[in-house]
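Let's walk through this one together, question by question. Have a look at the structure first, and then we'll start with a single residue.

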Amino acid sequence: MSTAVLTETPRKPKVRRLGPRARAERREAIFLVLPALLPILIFSVVPLVSGVVLGFTDATLARNADINFIGFGNFIALLNDSRFWASFGIGLVWAASVSLLTLVSAMGLALLLNSDLRLKGFTRVLALIPWAMPPVVIAIVWRMIYNTNSGPLNAVLEAMGLPAVNWLGDFNTALPAVIVVGVWAGMPQTTVLLLAGMQSIAPELHEAAAVDGAGSFRRFWHVTLPALRPVIFAITALDFIWQFNSFGLVYVLTEGGPGGRTMIPPLFTYLEAFRNREIGYASAMGDVLVVAIMIILSFYLVHQFRQAKEAGR
């Protein structure tokens with residue numbers, strides 16, 4: 001007696017087709033989003049792709065110059081360019097210093113603005129003034145402050161009997177002086193974000209900690225700081241990326257001097273492109289910077305995805 005084995009063929013899942021109304025809504029959504037996507041495509045994506053392509057050519061700004069594809073020639077030359085890697089190191093020091101010092105300074109200012117301070121609204125307006133100023137204007141103002149002969153900073157030093165300092169022209173003081181300006185310019189934005197995070201903390205948590213005998217520092221360490229940890233990580237990571245890509249502030253202050261002491265990578269790339277007229281080589285530098293920023297950004301995105309996954313559990 002034979003037995004027949006019946007095997008069921010797996011059914012293909014039914015594909016739900018959109019109805020006419022749903023298709024019309026999708027077309028309408030695409031039509032509404034398109035005006036916002038076009039500027040991004042034209043002014044961001046197209047220049048980025050063009051820059052990546054130019055990095056593999058010998059393009060220059062010479063009149064009627066031929067553009068030839070040279071493969072990885074620019075990148076091989078870049079590996080042996082000590083000036084670029086020196087600027088890369090300076091850029092890391094600049095971005096890390098500004099990000100960390102901005103976080104510490106903004107944290108103190110946010111704690112002050114979150115307290116029962118008189119004229120709190122007026123103080124918050126004063127704290128936001130650097131945010132309203134363009135980086136070029138900030139750099140011009142600070143160049144006047146740092147001026148060796150007529151700057152108010154050296155006037156104070158001379159009134160105290162101390163010698164004047166060439167803040168932006170001395171090897172030992174140029175980079176710290178530029179970092180101070182970067183911290184001053186970036187502090188308002190970080191302060192606002194930290195202040196918003198502090199105001200979202202339930203007052204009952206601080207009250208319970210105070211009842212348990214915790215002082216101001218312990219309440220900050222065990223209540224405020226843990227609650228602000230996601231905000232702190234996001235602010236620091238994004239601020240590091242912004243500072244590493246900054247250009248105008250350092251360019252107006254020092255143009256990379258003295259002797260390349262403040263030559264950050266975007267500024268070095270700009271000078272290579274428009275002073276030395278080596279567009280292809282400068283584009284290769286830009287490609288390396290894009291890869292570096294993408295690596296840093298990936299760490300931030302992975303952390304954000306992990307946080308979102310843990311919050312969804």
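Q: Which helix does Ile279 lie in?
A: This is a predicted model, where local features need pLDDT of at least 70, side-chain atom pairs count only at pLDDT 80 or more, and totals for chains, interfaces and linings use all residues. Residues are numbered from 1 along each chain as its sequence is written, and side-chain values use heavy atoms, with hydrogens and water left out. Helices here are DSSP runs (H or I, at least four residues), numbered from the N terminus. Ile279 lies in helix α13.

Q: Is Ile279 buried or exposed?
A: Buried means under 20% relative accessible area, exposed means over 50%, and partly exposed is in between (1.4 Å probe, protein chains only). Ile279 has 15% relative accessibility, so this residue counts as buried.

Q: Which residues is Ile279 in contact with, leaving aside neighbours within four places in sequence?
A: Contact means heavy atoms within 4.5 Å. Val252 is 27 residues from Ile279 in sequence and 22 Å away in space, C-alpha to C-alpha. With neighbours within four places in sequence left aside, the contacts of Ile279 are Leu54, Ala59, Thr60, Leu61 and Ala273.

Q: What volume does the largest pocket have?
A: On a 1 Å grid over the protein atoms alone, a pocket is an open set of points where a 1.4 Å probe fits, with protein on both sides within 12 Å along at least five of seven lines. Grid points are joined across faces, edges and corners, and a volume is the space filled by probe spheres set on the points. For the largest pocket that comes to about 620 Å³.

Q: Which element gives the most to the lining of the largest pocket?
A: Lining residues have an atom within 4 Å of a point. There are 22 of them here, and Thr269, Ala282, Gly286, Asp287 and Val290 lie nearest the centre of the pocket. The elements giving two or more residues are α1 (20–54), α12 (265–274) and α13 (279–311). With 10 residues, the one that gives the most is α13.

Q: How many nonpolar residues are in the lining of the largest pocket?
A: Ala, Val, Leu, Ile, Met, Phe, Trp, Tyr, Cys and Pro count as nonpolar, Asp, Glu, Lys and Arg as charged, and the others, Gly among them, as polar. The lining has 5 polar residues and 1 charged, and its nonpolar residues number 16.

Q: Which element gives the most to the lining of the second largest pocket?
A: This pocket holds about 340 Å³ of space. Of its 20 lining residues, Pro135, Gly182, Ala185, Gly186 and Gln243 are the closest to the centre. Elements giving two or more residues include α6 (135–146), α8 (174–199) and α10 (216–244). The top contributor, with 6 residues, is α8.

Q: Where is Ala177, and which residues is Ala177 in contact with, leaving aside its neighbours within four places in sequence?
A: Ala177 sits in helix α8. Its relative accessible area is 3%, so Ala177 is buried. Leaving out neighbours within four places in sequence, Ala177 is in contact with Tyr146, Trp167 and Leu168.

Q: Why is the pair of Trp142 and Tyr146 tilted?
A: Rings of Phe, Tyr and Trp (its six-membered ring) pair if their centres lie within 6.5 Å; planes under 30 degrees apart count as stacked, over 60 as edge-to-face and the rest as tilted. Trp142 and Tyr146 are 4 residues apart in helix α6, which means about one helical turn separates them. Their ring centres are 5.4 Å apart and their planes are at 45°, so the pair is tilted.

Q: Which residues touch the most other members of the largest nonpolar core?
A: A nonpolar core is a set of buried Ala, Val, Leu, Ile, Met, Phe, Trp, Tyr and Cys residues joined through side-chain atoms within 4.5 Å. The largest one has 37 residues, and those touching the most other members are Phe84, Trp94, Tyr146, Val181, Leu249 and Leu253.

Q: Is Val211 buried or exposed?
A: Val211 is found in helix α9 (residues 203–211). The relative accessible area of Val211 is 70%, so this residue is exposed.
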